[in-house]
Amino acid sequence: MAEGSAALDGGEAILAACRDIGVDVVFCSSGSEWAPVWEALARQRRDGAPGPRYLDLMHETLAVAMSTGYTLATGRPQLVLLHAVPGLLQGANGIHGALLTGVPMVVASAESTTYGETGTDPGSQWYRNLSIVGGPQAVAAPFTKWSTQVGDASTAYGHVVRAAELARRAPAGPVYLNVPMEVLLQPWSRPAAARPVPEPGARVSPAVELERAAGLLKTARRPVILTESAGRHPDGFEALLELAEALEIPVVEPQSAVCANFPRTHRLHRGGDPAALLAEADLIVLVCCRAPYYPPSNRPADSRVLVIDDVPHRPYVDYQVLGADQYLEGDVAPTLRALTASVREAGIDGALTGERAERFAAAPAERPRPEAAGIDPADVVDCLRELLDPDAAVIDETITHARVVQGRLKADRPGRYSYVQGGLGQGIGVALGVKLADPAREVALTVGDGSFLYNPIVQSLSAAKSLDLPVLIVVFNNRQYLSMKLNHLRFYPEGTAVAEDDFHGVDLSDQPDLAALAEPFGLLGLTLSEPDELRAGLEKALQAVRGGTTAIVDVRVNR
């Protein structure tokens, strides 16, 4: 491809930058500004040149969520193209979710800066309907890590490269570029110094800080580790396991945990409620744990706190309390490995570790569950755990059932479990993105009926069919927004709504037949209402998925 040709424009600059930053897929919810990029893609295909795959998707949330899932599986940031400000706002829920998740991505849309007053005519729609005071970069700023406008085609390539570099560095997250129509249509030639972008360098705390932290660990009698997202960092799962085993430290994944961080089958894993261990702890080790206490001021006063995190204080969190006595800040896995080595070099107290090994020799008792007729959510997860491939990825967008899914799935390896962060309605897209990144991997989505109905269902099922991305969707259907009801009961336990059985914002009994939504796409839909249907139904669904067909299983759960 003759990138030096005078016929090339800002669209080619975007595509050239994608090649150099290692973008695999351009996820697009189409807008009229992207004709220059589409023209560059047409040249790429005509010339048989290497470059990213392009996907047209029918909803902005789907495009962003698929990019999130893809990067969760690969670690590589991708490009998302949206339309002006309306498309940006449609995608904002997913972009904010990527910010909370720490998923790097480059999001772009456009505006017009001249409104047809020059020789370049971007189209009258930009003057009539699509302009916004302050520009789309101002709209994107609150839910992205960084946002700016590209002022000229000469900087378009460099802006995209810089955006990706910023997106990958801690705290990783989505960045936004406003690329005006006039810039996209300007002539462009490839900079002489352009080249593939290298991987970010590693960061590890210096030896003196590691030795101090090792001293805290060596002398602690009742340490406890809390982690929310260590498993999302390369080698973080294994590095945390090594540290915990070396010192026989119990590990808790609290309610705020968002992925598999430590084997749930390991004797040192102590479940999801840290209250008892925090009450007696003399050292609390927070490994990628942004919200360890609630209320935030509920930090145990007599414990020391060691924080291990690449960015302990999240700039996107409005209020955060860690109460640290020491920080180790750097790439998570290398820091954990270096700390373990420092502890071993300092000498491990065998008496203390022996006491803890004896105390935590047996796994904690499982919580009793209420007895009720019908299909219990715990049985659904138990059955999934037994039937899914051991390496399957489970994406979770449940609310009231999240603890059940986390606890009973018993994730024992990195990538086995991932919770969808941010607003509801992203789960199907995230699952499809994971499947796109690793087609050979089995992918399942667990989702409440309320959460499922927030998703762009039609567009997502169409993508699953057309892109050949078979996933298992299991809906935990209690036919209500149970979380809304529980919050009402928290504030008004003896209120009028209770006395009159008159709850608002809760009822989902008039929802459509969820399994029937699969039919127009030639997918499999099943409804399971009785316990004796559960296993056979899930087996049938998995058989379809393994044969290349997405399956929706609407499970009528009893709570």
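Begin by selecting residues 9-117, where UniProt, in an unreviewed entry, places the feature "domain: Thiamine pyrophosphate enzyme N-terminal TPP-binding"; UniProt positions follow the numbering used here, feature names are shortened, and annotations may be inferred rather than shown by experiment. Residues are numbered from 1 along each chain as its sequence is written, and side-chain values use heavy atoms, with hydrogens and water left out. The model is a predicted one, in which local features need pLDDT of at least 70 and side-chain atom pairs count only at pLDDT 80 or more, whereas totals for chains, interfaces and linings use all residues. Over residues 9-117 the chain is 53% helix and 16% strand, with its end C-alpha atoms 20 Å apart; helices (H or I, at least four residues) and strands (E, at least two) are DSSP runs numbered from the N terminus.

Within this selection, go to Ala84, which is found in helix H4 (residues 84-101) and has a positive phi near 50° although it is a residue other than glycine. Ala84 is buried, with a relative accessible area of 0%, where buried means under 20% relative accessible area, exposed over 50%, and partly exposed in between (1.4 Å probe, protein chains only). Then move to Tyr115, in the loop between strand E4 (105-109) and helix H5 (125-128), whose phi is also positive, at about 55°. Is Tyr115 buried or partly exposed? With a relative accessible area of 36%, Tyr115 is partly exposed.

A cis bond with omega of about -5° joins Ala170 and Pro171, and Pro171 sits in the loop between helix H7 (153-168) and strand E6 (174-178). The bond from Tyr294 to Pro295 is likewise cis, with omega near -5°, and Pro295 lies in the loop between strand E9 (283-287) and strand E10 (304-309).

Now select Ile395, in strand E12 (residues 393-397), which counts as buried at 3% relative accessibility. Which residues is Ile395 in contact with, leaving aside its neighbours within four places in sequence? They are Ser418, Val420, Gly427, Val430, Ala431, Val434, Val443, Ala444, Leu445 and Thr446, where contact means heavy atoms within 4.5 Å.

Buried residues make up 54% of the 559 residues. Among contacts between residues at least 6 apart in sequence, 77% join residues at least 24 apart.
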